[in-house]
Amino acid sequence: MKEPLVPVIPMSHTAHIRSHRKPRRSATSSLAMRAGVAGGVLSMAAAGASASASAAEPVTQTIELPTLTADMSAQVAQSAAATQQAAANYELRAERDAAAAKAAAEAKKDLAEAKKKAEAKKKAAEAARKAAAERATRSAERTTLSASASASASTSVSAPASGSVATVISFLKAQVGDAYVMGATGPNAWDCSSLVQAAYKQVGVDLPRVSQDQSMAGTDVSLSNLQVGDILYWGGKGSAYHVGVYIGNGQYLDAANPSKGVVIQDLSGYPASGAVRVL
């Protein structure tokens, strides 16, 4: 039995090769593409126009400051606190330096004052030593005069010897430099009448204690006829307020006042009111 024949259909010699033709785009895709191309062209044109405008006119750029955050605020506060602390430390150091300088100046001043006081004390001690030596010398002279006066008085109490005036004057000169103290009676301080009384007592002549009474003793003498040893008085007779003893050469010796003490003075500088003679 014969098999049935299959009809053969002739084929193209390229029928077995896959077609390389691109598929056709749809109308919508073509329109989108064309719109995109047109937009790009317009964008490039706009960019060119913008570039031209930029070249003609400078653009000012605004830079915004960064916003302070919590960390930045803390850092600023910390920096301010550190600056304030440094300023406080500097001020404290300056105050300490000033205090130290002041203390040094005061110490230097105190040292100078201490040296000055020590020097003054040394001078005072030296002056006191010299004064003590002078008093000792005067005391020795008084002892000698007292012994001499006692010997003279023992020979003639009512009528002193001719050397009595010299004894009185020597005693008076030995007291020069003593102090004047109202009411004092020696041996290192006198008033005017106590000195005169003590001088004449050396030769046995007892005079009243006060100047008023001493101006009434002995015999009145003219001031133009004075002799060494005469008693001078100032003020009225019987009411004299001051007395001294004439020592010759226009001078007298007296316990003058608190500022002078026992001194020798010129009679011309302070003329007496009157005089009496007791020797």
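D220 has V276 of β8 as its bridge partner. The strands involved are β3, residues 219-221, and β8, residues 274-277, which pair in the antiparallel sense over 3 bridges. Pairing here requires at least two bridges found by DSSP between the two strands. β8 is also joined to β4 by 3 bridges, again antiparallel. In that pairing, Y233 has G274 of β8 as its bridge partner.

A word on the source. This is a predicted model, in which local features need pLDDT of at least 70 and side-chain atom pairs count only at pLDDT 80 or more, while totals for chains, interfaces and linings use all residues. Residues are numbered from 1 along each chain as its sequence is written, and side-chain values use heavy atoms, with hydrogens and water left out.

Overall, the protein has 5 helices and 8 strands. Helices (H or I, at least four residues) and strands (E, at least two) are DSSP runs, numbered from the N terminus. Along the sequence the order is α-α-α-β-β-α-α-β-β-β-β-β-β. Of the 279 residues, 24% count as buried. Buried means under 20% relative accessible area, exposed means over 50%, and partly exposed is in between, with a 1.4 Å probe and protein chains only.

Now the cores. A nonpolar core is a set of buried Ala, Val, Leu, Ile, Met, Phe, Trp, Tyr and Cys residues joined through side-chain atoms within 4.5 Å. The largest one has 26 residues, and those touching the most other members are L172, W190, L195, V196, Y200, L207 and I231. At least two residues each come from α3 (164-174), α4 (192-201), β4 (231-234), β5 and β6 (251-257). The element giving the most is α4, with 6 residues. Setting aside neighbours within four places in sequence, I231 is in contact with residues including V196, Y200, L207, V243 and V278; contact means heavy atoms within 4.5 Å.

There is also a second, separate core of 9 residues, with L232, Y246, A272 and A275 among them. Y246 sits in strand β5, residues 242-248, and is buried at a relative accessible area of 13%. Beyond its neighbours within four places in sequence, Y246 is in contact with several residues, including I169, L226, D230, L232 and Y252. Y246 and G229 are 17 residues apart in sequence, with their C-alpha atoms 5.5 Å apart. A polar atom of the Y246 side chain also lies 3.1 Å from the backbone nitrogen of G250.

Next, how many salt bridges does the count come to? The count is 3, where a salt bridge is a side-chain nitrogen of Lys or Arg within 4 Å of a carboxyl oxygen of Asp or Glu.

One of these is D191 with R209, with the closest N and O atoms 3.0 Å apart. D191 lies in the loop between β2 and α4 and R209 in the loop between α4 and α5 (211-214), so the pair ties together parts 18 residues apart in sequence. D191 is buried at 5% relative accessibility, whereas R209 is partly exposed at 28%. The side chain of D191 also has a polar atom 3.0 Å from the backbone nitrogen of G183 and one 2.9 Å from the backbone nitrogen of S194.

Another is D220 with K237, at 2.6 Å between the closest N and O atoms. D220 is in strand β3 and K237 in the loop between β4 and β5, so parts 17 residues apart in sequence are tied together. K237 is partly exposed, at 37%.

That leaves D230 and R277, whose side chains meet at 2.8 Å, N to O. D230 is in the loop between β3 and β4 and R277 is in strand β8, so this pair ties together parts 47 residues apart in sequence. D230 is buried, at 1% relative accessibility.

Two backbone details to finish. The peptide bond from G186 to P187 is cis, with omega near 5°, and P187 is in the loop between β1 (179-180) and β2. N249 has a positive phi of about 60° although it is not a glycine. N249 lies in the loop between β5 and β6 and counts as exposed, at 79% relative accessibility.

How values were computed
Polar contact = N/O pair within 3.5 Å; in protein donor to acceptor, adjacent residues only side chain to side chain.
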